[in-house]
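Hi everyone, thanks for coming.

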Amino acid sequence: MMVEVNNINKTYNEGEITAVNNVSFAVDKGEIFGLIGPDGAGKTSIFRILTTLLLPDSGSARVDDLDVVKDYQEIRRRVGYMPGKFSLYQDLTVEENLRFFATVFNTTLEENYHLIEDIYQQIAPFKTRRAGKLSGGMKQKLALCCALIHRPQVLFLDEPTTGVDVVSRKEFWEMLRKLKQQNISILVSTPYMDEADLCDRIALMQNGSIMSIDTPANIVESFPKNLYAAKAGDIYTLLKQLQGDEVVESCFAFGEALHLTFKSDQDADNTVKRIVAEQQLDDLEISRITPTIEDSFIRLMRENATETETDGK
Amino acid sequence: MSKHFGDFKAVDRITFDVNEGEIFGFLGANGAGKTTAMRILCGLSFPTSGQAKVAGYDVYRQQEKIKKHIGYMSQKFSLYDNLTILENIEFYGGIYGISRGEIRQRGDALVKTLGLDKEAKKLVGSLPLGWKQKLAFSVAIFHRPRIVFLDEPTGGVDPITRRQFWDMIYQAANEGITVFVTTHYMDEAEYCNRVTVMVDGRVEALDTPARLKRQFQSDSMDGVFYQLARKAKRTSD
Amino acid sequence: MKQLLVFIRKEFYHVFRDRRTLLILFGLPIAQIVLFGFALSSEVKNIGITIFDQAHDINSQQITNRVKQSAYFIVQEPAASLEEIHTKFKEGSIKCALVFPPGFSEDLYRSGTAPVQIITDASDPNNAKITVNYLSAILGTYQQELNPNLVIPLQIVPEIRSLYNQEQNGSLNFIPGVIALIFMIVSTALTSVAVVREKEMGTMEVLLVSPLKPVMVLISKAVPYLVLSLLDFIIILLLSVYLLDVEIQGSLILLFAESILFIVTCLSLGLLVSNVTNSQQAAMLFCMMGMMLPTLLLTGFLFPLENMPWIFQAVSNIIPSKYYYEIIKAVMLKGLGFGYVWKETLILLVMTCLLLGLALKKFSIRLA
């Protein structure tokens with residue numbers, strides 16, 4: 001195990017705000033593990049605890065079999081970290097940034113060049129340019145190079161693709177796949193649900209707690225209901241009407257379609273037929289589909305919400 | 001319309017119309033010129049050449065009128081964290097010259113529709129991000145603007161709140177408010193009536209999501225965007 | 001060691017690539033020296049003066065007329081008593097008074113020397129000094145004109161009394177003040193901003209999660225600003241000597257040693273500030289209000305401390321720049337040796353150790 005987290009808790013403002021709520025998970029060697037969740041889910045706090053920047057209130061965590069509290073100095077030698085707001089030194093050039101971080105980590109650009117070669121080649125044409133003048137995608141590649149330069153055992157990437165456009169995001173995930181082949185473990189967080197499929201295993205997080213941990217495929221598979229997609233010319237009207245229909249359990253917009261589940265999956269085909277007949281909307285089509293991670297996430301969120309409500313009562 | 005910074009053509013001869021009551025998606029890779037174009041349309045800077053009208057007002061000569069008739073909300077700046085919900089509403093209402101009585105009346109109604117009655121006197125800083133964004137949107141259209149500009153309004157927001165947010169956008173559009181929105185979530189591009197994709201300062205595509213997908217033979221807007229943005233040569237913002 | 005050098009080099013890159021920092025570093029000391037040097041010592045005109053003539057003889061009247069003719073003075077209603085002079089000073093209608101004792105002429109002719117008294121408002125020490133110079137010149141010329149006709153040289157001896165600031169702080173005293181202020185700006189404000197900027201950028205997080213010792217971060221931040229402060233010190237000294245014709249009276253080595261001590265004090269303060277603040281604005285504001293204003297107001301550099309309410313005088317005792325100011329004034333302008341400033345040096349040393357210890361203790365190896 002490269003990373004082991006056991007029942008970690010972390011609160012701020014003297015317990016007023018719970019950032020991490022009893023979180024446990026483990027990351028294997030050479031695995032890409034994703035923490036998936038919106039802002040405020042507790043992802044950054046977990047990263048900071050694992051990179052020895054924060055102390056947990058309770059629970060324990062080990063990185064490369066070292067304790068995050070006791071062995072913090074040794075851990076700092078072995079991990080690479082890209083914080084969420086990391087923006088490099090804007091007034092240093094690409095190469096100066098890289099060489100600086102190489103020295104900070106007791107190594108040189110040349111020593112581990114093979115590791116970053118693929119990535120660095122993409123930004124090498126701009127190596128005399130100041131980091132502040134790079135595009136978002138370029139900055140992110142440079143930041144990854146800086147985090148990799150000392151050949152860490154495990155890489156912590158906190159929301160590396162936030163605010164970056166689709167093309168750069170795809171390139172970035174390509175790079176992570178290549179790093180995985182080098183047997184580097186990667187813990188990555190993202191608010192974009194569509195990136196979950198690119199991880200080996202994921203933890204879906206909300207309000208400091210993990211709602212589910214598994215491979216993306218298993219999470220999707222464990223979706224407990226049939227999921228249907230509905231399309232129509234006037235999708236907004238359809239959404240309102242379906243949300244009002246009593247056989248419908250949930251219905252929400254999902255790209256060009258609506259995703260819906262019924263309260264009962266028995267005889268669902270007939271229910272679909274009935275709805276299509278009743279709704280009288282142009283081009284109305286309803287078909288069964290495989291859920292995505294986002295569907296699972298929404299479902300888990302709703303389940304948790306109802307649970308807490310009943311708990312409260 | 002064009003906007004140049006020295007040799008750099010941030011916005012390069014773009015042309016488009018947005019219809020009244022339309023939800024208009026404005027997409028583009030980082031550095032494609034979205035922000036520059038949006039600043040001009042919000043009356044914050046002048047184009048280098050070309051023409052543009054927002055809500056019927058000229059971007060060169062009637063900036064003040066434009067500002068009066070648009071709403072604006074962005075992910076980065078929306079509300080004052082150290083004012084309460086009601087104080088924020090009062091402040092923005094006051095800026096647009098809405099009478100005190102009306103602000104109070106509609107503010108109360110707004111807080112109720114959002115389900116924030118209990119939090120009305122709490123500081124905005126203590127609200128979860130999703131609620132903040134929903135509130136920020138409501139405040140941006142509080143003065144009933146002709147058009148509202150939303151700059152990545154749902155960044156980092158959870159999937160349920162994101163959908164509730166789009167519900168609100170639809171509602172505003174139904175009431176006749178034109179919505180001009182940028183986003184990094186490609187599924188949200190599908191919710192727009194029409195979408196433009198900017199690449200290197202130019203509008204490379206402009207159509208309904210359905211037709212764009214057909215044109216680029218892709219089953220999602222993600223694919224459309226990827227094909228277009230990959231061609232970009234620009235590397236700096 | 002290599003890490004440290006690379007880190008320090010990086011800090012210099014930051015400094016030399018930021019035009020604003022450069023301007024503060026090198027523009028500010030030059031501007032301050034030139035401004036203080038010339039603005040304060042330039043000509044003073046239209047000085048309000050009153051004459052308290054207890055002699056009423058020919059010589060006193062001739063001198064009075066000379067003063068009236070001078071372009072520098074505006075002669076107000078004559079005063080009838082010393083009390084009246086004080087009242088006029090307090091009203092602000094005069095900046096200077098000339099007092100002839102009874103029997104001025106008699107003294108002059110009998111004993112060959114005659115005293116006059118010049119009273120000035122020294123709360124503005126520069127102006128007071130200039131005023132005295134003008135009056136002495138008038139008296140001198142008058143005296144010379146008297147002499148050719150007489151066998152015995154006659155002397156008018158002005159007795160000068162400075163009101164409100166007996167010590168005559170000021171004139172060139174602004175130079176030590178400017179030096180202290182520049183050190184505060186460079187070593188305290190710029191240093192703290194440099195550290196806090198890394199926090200804002202997120203680079204501090206990466207540095208913390210590295211094998212780099214946290215103390216190294218502090219040292220690497222401090223060294224460049226120590227060097228730059230010394231550079232500024234040299235610039236100010238050169239400007240003072242060659243532009244303002246100030247003679248450096250005391251030992252240069254002592255001057256540098258004391259300055260390095262004070263720079264370290266300032267650096268410790270800067271690092272302390274950077275440890276307790278998280279934004280550049282907060283750090284800057286902290287330095288302005290907490291360090292620079294007291295340096296300006298409570299070291300005796302702009303306003304004499306003696307005339308301040310006791311509470312301010314008490315507060316001034318905990319301000320390091322006060323001691324540095326005393327030391328530099330003594331060494332640079334009065335030419336005194338270490339024997340005269342050891343007490344101040346010791347206080348400064350203790351303060352530095354305390355601040356440095358606190359800064360190191362407060363420097364967190366983690367976030368929050």
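Let's begin with chain A: the centres of its domain 1 and domain 2, taken over C-alpha atoms, are 40 Å apart. Domain 1 runs over 3–217 and domain 2 over 224–290, with bounds that come from an automatic or database domain assignment.

Quick housekeeping. This is a predicted model, where local features need pLDDT of at least 70 and side-chain atom pairs count only at pLDDT 80 or more, while totals for chains, interfaces and linings use all residues. Residues are numbered from 1 along each chain as its sequence is written, and chains are lettered from A and ligands numbered from 1 in the order in which they are written.

Now, who touches whom? I'll say two residues are in contact if their C-beta atoms, placed from the backbone, lie within 7 Å. There are 2 pairs of chains in contact, and A and B share the most contacts. Chains B and C have no contact between them, and their closest C-alpha atoms lie 16 Å apart.

Take A and B. Chain A puts in 28 residues and chain B 29. On the chain A side, helix 10 (293–312) is one of the elements supplying at least two residues, and this helix gives the largest share, 4 residues. Helices here are DSSP runs (H or I, at least four residues), numbered from the N terminus. That side splits into 15 nonpolar, 7 polar and 6 charged residues. For the record, Ala, Val, Leu, Ile, Met, Phe, Trp, Tyr, Cys and Pro count as nonpolar, Asp, Glu, Lys and Arg as charged, and the others, Gly among them, as polar.

Next, C and A: 22 residues of chain C meet 24 of chain A. Which helix of chain C gives the most to that side? Helix 1 does, with 6 residues.

Finally, the inside. A nonpolar core is a set of buried Ala, Val, Leu, Ile, Met, Phe, Trp, Tyr and Cys residues joined through C-beta atoms within 7 Å; buried means 20 or more other C-beta atoms within 10 Å of a residue's own, with C-beta atoms placed from the backbone. The largest one has 221 residues, and Cys145(A) and Val148(B) are among those with the most contacts inside it. Helix 7 (residues 174–201) of chain C supplies the largest share, 17 residues. A separate second core of 27 residues includes Phe89(C) and Tyr134(C).

Back to Cys145(A): leaving out residues up to four places away in sequence, it touches Leu98(A), Ile116(A), Ile119(A) and Tyr120(A).

Technical notes:
Buried ≥ 20, exposed ≤ 12 C-beta atoms within 10 Å, placed from the backbone.
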